[in-house]
Amino acid sequence: GFCIFYARGWCGFGYRCNYFHHVPSLLDIACCVEAHDIFGRERFCRHRDDMGGVGSFNSEGRTLFVGYLVFDREQPDTVQRVTKELREEFGTWGELEEVKVIPSKACAFIRYAWRGNAEFAREAMQGQRLGPAPCIRVAWASEDPNRDSVKRR
């Protein structure tokens with residue numbers, strides 16, 4: 001499995017670590033068992049109430065909620081800047097399908113092409129600084145109750 005401490009940026013074992021120290025590839029993700037996440041932790045049938053934790057094996061689990069974003073309202077292109085920054089930072093961890101920023105709620109939704117990359121990114125980006133935001137929150141996104149949005153994908 002993958003080293004969760006490496007994903008968080010603080011594995012002290014380095015080359016002596018028994019776990020992988022790289023971003024999951026498609027081959028790594030394909031070898032992952034559905035009942036476990038990319039780090040080897042057991043998934044559950046439902047998400048935790050706070051949408052944190054390992055996640056559920058009953059949902060697609062490729063979309064992340066990013067909260068506590070900060071927007072510089074004086075800049076005319078602030079939404080585009082935040083979107084670009086989210087694409088750059090979260091794109092480091094795998095192929096992105098969609099980045100949707102909601103400035104009125106100071107949050108965003110980021111959908112990855114592969115669940116393993118979303119799992120790795122959730123651990124890597126949780127609590128990180130992003131632009132003027134001192135500490136972002138990253139959690140699993142709830143399923144969209146709007147059935148039309150699922151059809152559009």
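Two residues count as in contact when they have heavy atoms within 4.5 Å of each other. With that in hand, look at how this predicted model holds together: among contacts in the chain with a separation of 6 or more, 56% are between residues 24 or more positions apart.

Let's start with the overall layout. The chain has five helices and four strands, and reading from the N terminus their order is α-α-β-α-β-β-α-β-α. The radius of gyration comes out at 16 Å, close to the 15 Å that the globule rule gives for 153 residues, so the chain is as compact as a globular protein of that length. If you'd rather think in terms of a box, the C-alpha atoms fill one of roughly 50 × 40 × 25 Å along the principal axes.

Of the 153 residues, 41% are buried. The chain exposes about 9,400 Å², and carbon and sulfur atoms supply 53% of that area. As for charge, there are 22 positive and 21 negative ones, and their mean positions sit 3 Å apart.

The helix to click on next is H4, residues 115–125. How many of its residues are buried? The count is 11 of 11, so H4 is mostly covered, with buried meaning under 20% relative accessible area. The list takes in charged residues, among them Arg115, Glu119, Arg122 and Glu123, as well as Phe120, Ala121 and Met125. What do these buried residues pack against? On the helical side there are H1 (4–8), H2 (26–31) and H3 (78–91); on the strand side, S1 (63–67), S3 (107–112) and S4 (137–140). Just after H4 comes Gly127, which takes a positive phi of about 80 degrees.

In soluble globular proteins, nonpolar side chains tend to be buried together. Here the largest such core has 32 residues, and those with the most contacts inside it are Leu69, Leu86, Phe90, Tyr112 and Ile136. H1, S1, H3, S2 (96–102), S3, H4 and S4 are the elements that each give two or more residues to this core.

Setting aside neighbours within four places in sequence, Leu86 is in contact with Val66, Leu69, Gly91, Val99, Val101, Ala108, Ile110 and Leu130. Leu69 in that list is itself one of the residues with the most contacts inside the core.

Finally, have a look at the loops. Tyr68 lies in the loop between S1 and H3, and its phi is near 65 degrees, a positive value in a residue other than glycine. Is Tyr68 buried or exposed? Its relative accessibility is 56%, so Tyr68 counts as exposed. Ala106 has a relative accessible area of 22%, so it is partly exposed. Ser104 is found in the loop between S2 and S3 too, and at 69% relative accessibility Ser104 counts as exposed. From Ser104 you can look across to Gly67: the two are 37 residues apart along the chain, and their C-alpha atoms are separated by 12 Å.

Note on methods
Residues numbered from 1 in each chain as written. Predicted model: local features only at pLDDT ≥ 70, side-chain atom pairs only at ≥ 80, totals over all residues. Heavy atoms only, no water. Rg over C-alpha atoms; globule rule 2.2 N^0.38 Å. Buried < 20%, exposed > 50% of the residue type's maximum accessible area, 1.4 Å probe, protein only. Areas by Shrake-Rupley, 256 points an atom, 1.4 Å probe, with all protein chains shown as cover. Charge placed at Lys NZ, Arg CZ, Asp CG, Glu CD. Core = buried A, V, L, I, M, F, W, Y, C linked by side-chain atoms within 4.5 Å.
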